[in-house]
Amino acid sequence: MASPLAITPAPAVGCAAARLHARRLSSQAATCSYAAPQHRKRVRDSTSCRAAETEVVEEPETGEVEEGLSEDLLKLLGPRTIPTPVLSPEEVLDSLYNRIHDNATEHYHAFYSSELQGITTDPALMLVHMDDHLVHRGHAVFDTAVIVDGFLYQLWEHLQRFQASAEAAGLLLPCSIDQIQRIICETSAAGRQVNAHVKYWLGAGRGSFGLSGAECVRPTFYCQVYTTPLGDLDRERYMRVRTSDVPIKPSFFATLKSTNYLPNVLAVMDAQADGLDQGIFVDEDGMVAEGPNMNIGIITHDNEIVVPPFDNSLPGITIMTLMELIPEVLGTDDLLSVDRVVQRHFSVEEAKAAREVFLAGSSLPILPVVVWDDVNIGEGVPGRGVLSLKALLLNHMNPANNRGQHTEVPYGWLTGAE
């Protein structure tokens, strides 16, 4: 008879991702030292922090024994452990600066926190409290925007979806949507980047470690301006995907832009463990739904662009914009060999047999898929149709072609100029 405490093993979904993550952690641990990292000198803004300039005292080397500890306690602690310090406020700040990583110093440009009630451009201080339900319960929604040549592209469209997500998740805005738009614009200006990414989050707030958002003191809003390493651009000229084993989210959660991205993370890492780039979610009937953070479409041999309905996927701003733009160029040199665009379900098999496959998202904006599982799409290289769609969207993103989809970043706000 089985023990009442017997644990049923978890399904194998995500095991490849776990192994990949474990290998990376293992390789990092191989070079890890128990001594405190050396303090890194950083160029700061006009405001300075005395604690950040404090010299760091290194922790004792592994194997040193604290005087006064009993043998039993030493056995319990083991030979590979060191004392856990209780830090003063000054030491906390020292540690924040010591642990800053290169990607943050180079690519994290500005951060707004409603808890700070302002913006910081110091990556070491871009923090969220642990008791925010955004962190420990995932009770939060988010959305994105991109800065293109000094203009925020389709910010208002993204804010409308952000507001709808908040309502569906039972979240209250901490201020008006117009004030949130201003915060995003001014945080973008503080980042001093003419081309960048912007993410912003709304959380239930701080106040407890329980489940209910009713326990929170007030909702929280955060906004981050960042850039990506140039190397990413080389890797993202095309994508190789696999059919994901990770179960698709239920419709309500799939169509809501919340911070619950564990399935999305596993879909990506499982694909990477197989030497591919992304996993594609498929529903119970074998119909294609979406990628982990992008919509998907195909171009058939019948000259038809097909996009799955949004019943099991997020209604992406980029893919919806594309479907609005395509009829304007049908039959022109801007989009040859395409007769129509439709929304309907299609299977994995139809996608693999398609003439072309593409992914669409606000930061891409369009990427060709050249391999699906072990099958080449078309000739296994980016096709003319997808490249034409990308050019169509890039043209729409260009502020020179503004038809109301661009919001100018108020860089003059930094100096008080109009």
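Asn303 sits in the loop between S10 and S11, and its phi is near 60°, a positive value in a residue other than glycine. With a relative accessible area of 21%, Asn303 counts as partly exposed. Keep in mind that this is a predicted model.

**The chain overall**
- The chain has 13 helices and 16 strands.
- Buried residues account for 43% of the 418 residues in the chain.
- Take the contacts between residues at least 6 apart in sequence: 70% of them join residues at least 24 apart.

**Another positive phi**
- Asp149 is not a glycine either, yet it has a positive phi of about 50°.
- Its place is the loop between strand S3 (140-148) and strand S4 (151-153).
- Is Asp149 buried or partly exposed? Asp149 has a relative accessible area of 48%, so it counts as partly exposed.
- For background, most residues other than glycine have a negative phi, and most peptide bonds are trans.

**Val306 in S11**
- Val306 belongs to strand S11 (residues 304-307).
- Val306 counts as buried because its relative accessibility is 0%, and the cut-off for buried is under 20%.
- Leaving out residues up to four places away in sequence, Val306 touches Gly297, Ile298, Thr300, Val342, Arg344 and Phe346.
- Val306 and Val357 are 51 residues apart along the chain, and their C-alpha atoms are separated by 9.6 Å.

**S13 and its two partners**
- Strand S13 (residues 356-360) is mostly covered, with 5 of its 5 residues buried.
- Which way do the S13 residues point? Glu356, Phe358 and Ala360 point one way, Val357 and Leu359 point the other way, and all are buried.
- Strand S10 (residues 295-299) runs antiparallel to S13, and 5 bridges join the two.
- In that pairing, Asn295 stands opposite Ala360.
- Strand S14 (residues 366-372) also pairs with S13 in the antiparallel sense, over 4 bridges.

**The S13-S14 hairpin**
- S13 and S14 form a hairpin, with 5 residues between them.
- Pro365 is found in the loop that links these two strands.
- A cis peptide bond joins Leu364 and Pro365, with omega about -10°.

**Cavities**
- Rolling a probe the size of a water molecule over the atoms shows where empty space is left.
- The structure holds 4 cavities of 30 Å³ or more, and about 40 Å³ of space lies in the largest cavity.
- Which residues line the largest cavity? They are Arg355, Glu356, Val357, Pro368, Val369, Val370, Ile377, Val381, Pro382, Gly383 and Val386.
- S13 and S14 each supply at least two residues of this lining, and the largest share, 3 residues, comes from S14.
- By type, the lining of the largest cavity divides into 8 nonpolar, 1 polar and 2 charged residues.

**A look at H3**
- In helix H3 (residues 89-98), Asp94, Tyr97 and Asn98 are buried.
- Those three are on the same side of H3, because they cover an arc of only 100° around the axis.

Terms used: Residues are numbered from 1 along each chain as its sequence is written. This is a predicted model: local features need pLDDT of at least 70, side-chain atom pairs count only at pLDDT 80 or more; totals for chains, interfaces and linings use all residues. Side-chain values use heavy atoms; hydrogens and water are left out. Buried means under 20% relative accessible area, exposed over 50%, partly exposed in between (1.4 Å probe, protein chains only). Two strands pair if DSSP finds at least two bridges between them. On a 1 Å grid over the protein atoms alone, a cavity is a set of points where a 1.4 Å probe fits but cannot get out, and a pocket is an open set with protein on both sides within 12 Å along at least five of seven lines; lining residues have an atom within 4 Å of a point. Grid points are joined across faces, edges and corners, and a volume is the space filled by probe spheres set on the points. Ala, Val, Leu, Ile, Met, Phe, Trp, Tyr, Cys and Pro count as nonpolar, Asp, Glu, Lys and Arg as charged, and the others, Gly among them, as polar. The arc is that of the directions from the helix axis to the C-beta atoms. Contact means heavy atoms within 4.5 Å.
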